[in-house]
Amino acid sequence: MAGAAPSVLFDNHGRPLEYLRLAVTDRCNLRCFYCMPEEGIKYMPKQELLTYEEMERLVGLLTGLGVRKVRLTGGEPFVRRDLVPFMARLAAIPGLDDLSLTTNGVLTAPYVPELARLGVKAVNLSLDTLDRARFASITRRDELPRVLDTFYALLASGIQVKINAVVMDGQNIEDLVPLAELTRELPVEVRFIEEMPFNGGSHAATLPWDHRRIRQHLEAHLGEFVPVATPAGATASEYSIAGHQGRIGIIAAYSRTFCGTCNRIRLTAEGGLKTCLYDQGVLDVRALLRGGSTDEQVVEALKSAFRHRAANGFEAEQRRPVHQLSFESMSTIGG
């Protein structure tokens, strides 16, 4: 007997919502200056974070609505204890086709074999430089060797690896080409991301390195970029280069060129639903869960939020209090 057709969840602009980015913690073991101030941020008390059981319940409800992919983020996911057993429970949820995660790689290497056994399809590795001194300057921690251990362990495991590098004027421009050169001999995608205004402090009003300049700079050193077709909802423009095993990706996160096909939603570690990276949070899911709401009530509240989604990141930003953006941290939002 044929199974029922999978449900499809749409927002008010006709975009399918298939992808959840789930922050499991706001804590991080690095202090990247583009994410948070040097002294760090005020972390939430443990009791204010969603429990694993609450997150599992939500993922079950969202897969019932049509979400097919979940990416675990932070902060740094592996800072939270018992992450891998939690991932095993998520992997068993019917309807969840793709479980992946984003990590800075400092604590990840020992868990790579378990991730492979769980069927984790992809890991995004945050890495802004291959130079140890600049890594320590950017992250305020001397942890590059451990991150590279994770990188090579992931490659050896057969898990798809995407490197995420934030492009920062005056900080790591000399690192862009060496990072891109990894694609010559390795089957990885190196993705260069426009810097965003989520650093827990101030942010420049202009963006010296936008997606166009990033591409021009890399092509001048590596040769012609050939556009590659990407799935619907992809945030990165992907390119191949003659003679390279891997690919280059460029993410116009600040320019927001991909909003029209965005298929993702975010859940912060304390249970705030964000239907856009740039919104201030549109639903307190934790309050619903801890207030005794039934599954049906939670689902209806989620659907209502999805019916009022901003058309793009600029509209979402306009709905926020003035100047609030720069005082959020990506560690709090969920990377």
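Visitor: Where is K274 found?
Guide: K274 sits in strand β11, residues 272-274. Helices (H or I, at least four residues) and strands (E, at least two) are DSSP runs, numbered from the N terminus. This is a predicted model: local features need pLDDT of at least 70, side-chain atom pairs count only at pLDDT 80 or more, and totals for chains, interfaces and linings use all residues. Residues are numbered from 1 along each chain as its sequence is written, and side-chain values use heavy atoms, with hydrogens and water left out.

Visitor: Is K274 buried or exposed?
Guide: K274 is buried, because its relative accessible area is 2%. Buried means under 20% relative accessible area, exposed over 50%, partly exposed in between (1.4 Å probe, protein chains only).

Visitor: Which backbone oxygen lies 2.2 Å from a polar atom of its side chain?
Guide: That of D279.

Visitor: New topic. Where does UniProt place the "binding site"?
Guide: The unreviewed UniProt entry puts that feature at C28, C32 and C35. UniProt positions are given in the numbering used here, feature names are shortened, and annotations may be inferred rather than shown by experiment.

Visitor: Where is C32 found?
Guide: C32 is in the loop between β1 (19-23) and α1 (52-65). C35 is in the loop between β1 and α1 too. C32 counts as buried because its relative accessibility is 13%. C35 counts as buried, at 13% relative accessibility.

Visitor: What does C32 touch?
Guide: I138, T139 and R140, not counting residues up to four places away in sequence. Contact means heavy atoms within 4.5 Å.

Visitor: Which residues of helix α4 are buried?
Guide: In α4 (residues 132-139), they are F135, I138 and T139. Down the axis of α4, the buried residues fall within an arc of 80°, so they line one face of the helix. The arc is that of the directions from the helix axis to the C-beta atoms. These buried residues pack against α5 (144-157).

Visitor: What follows α4?
Guide: R140, whose phi is positive, near 60°.

Visitor: Last one. How many residues has the largest nonpolar core?
Guide: It has 83 residues, and L72, F192 and L218 have the most contacts inside it. Helix α1 gives the most to this core, with seven residues. A nonpolar core is a set of buried Ala, Val, Leu, Ile, Met, Phe, Trp, Tyr and Cys residues joined through side-chain atoms within 4.5 Å.

Key
Polar contact = N/O pair within 3.5 Å; in protein donor to acceptor, adjacent residues only side chain to side chain.
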